[in-house]
Amino acid sequence: MFGFSLQKLLFTGIVIAAIFYGFRWFTEMQARRERDVRTRSNGGKPRGSANAGAAKSAEQDVETMIECTVCGSFVASGSARSCGREDCPYPG
Ligand SMILES: [Zn+2]
């Protein structure tokens, strides 16, 4: 006969569904938290004039991340700090 019963098959299906929905829930929560942090950091500090375009202000809030050629860590180009190594190109 077959090596599996209907109950085992059903159980496997339920486990797979639980993992699938659990993963979806997890990614959803992560995305929500990320969105939450982003909106909070944007609303906390008003910058520029009030009549500035939303798209333009959002563009200003984004800081370009540049990779340190020595240590490989990413730092904001506006406030780059040394990682501590002597040959690090950034001040600190
Ligand atoms: Zn560095």
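1. Contact here means heavy atoms within 4.5 Å. Leaving aside neighbours within four places in sequence, Tyr 90 is in contact with Ile 66, Glu 67, Cys 68, Val 75, Ala 80, Arg 81 and Ser 82.

2. The model is predicted: local features need pLDDT of at least 70, side-chain atom pairs count only at pLDDT 80 or more, and totals for chains, interfaces and linings use all residues. Residues are numbered from 1 along each chain as its sequence is written, and side-chain values use heavy atoms, with hydrogens and water left out.

3. Tyr 90 also belongs to the largest nonpolar core, whose 5 residues include Cys 68, Val 75, Ala 80 and Cys 88. Such a core is a set of buried Ala, Val, Leu, Ile, Met, Phe, Trp, Tyr and Cys residues joined through side-chain atoms within 4.5 Å; buried means under 20% relative accessible area, exposed over 50%, and partly exposed in between (1.4 Å probe, protein chains only).

4. The whole structure holds 3 salt bridges, each a side-chain nitrogen of Lys or Arg within 4 Å of a carboxyl oxygen of Asp or Glu. Asp 36 and Arg 40 are joined in this way, with their closest N and O atoms 2.6 Å apart. Both residues lie in helix H1, 4 residues apart, about one turn of the helix; helices (H or I, at least four residues) are DSSP runs, numbered from the N terminus. Asp 36 is partly exposed at 37% relative accessibility, and Arg 40 is exposed at 58%.

5. Arg 32 and Glu 28 form another salt bridge (3.4 Å, N to O). Arg 32 is partly exposed at 46% relative accessibility, as is Glu 28 at 39%.

Notes:
Helices (H or I, at least four residues) and strands (E, at least two) are DSSP runs, numbered from the N terminus.
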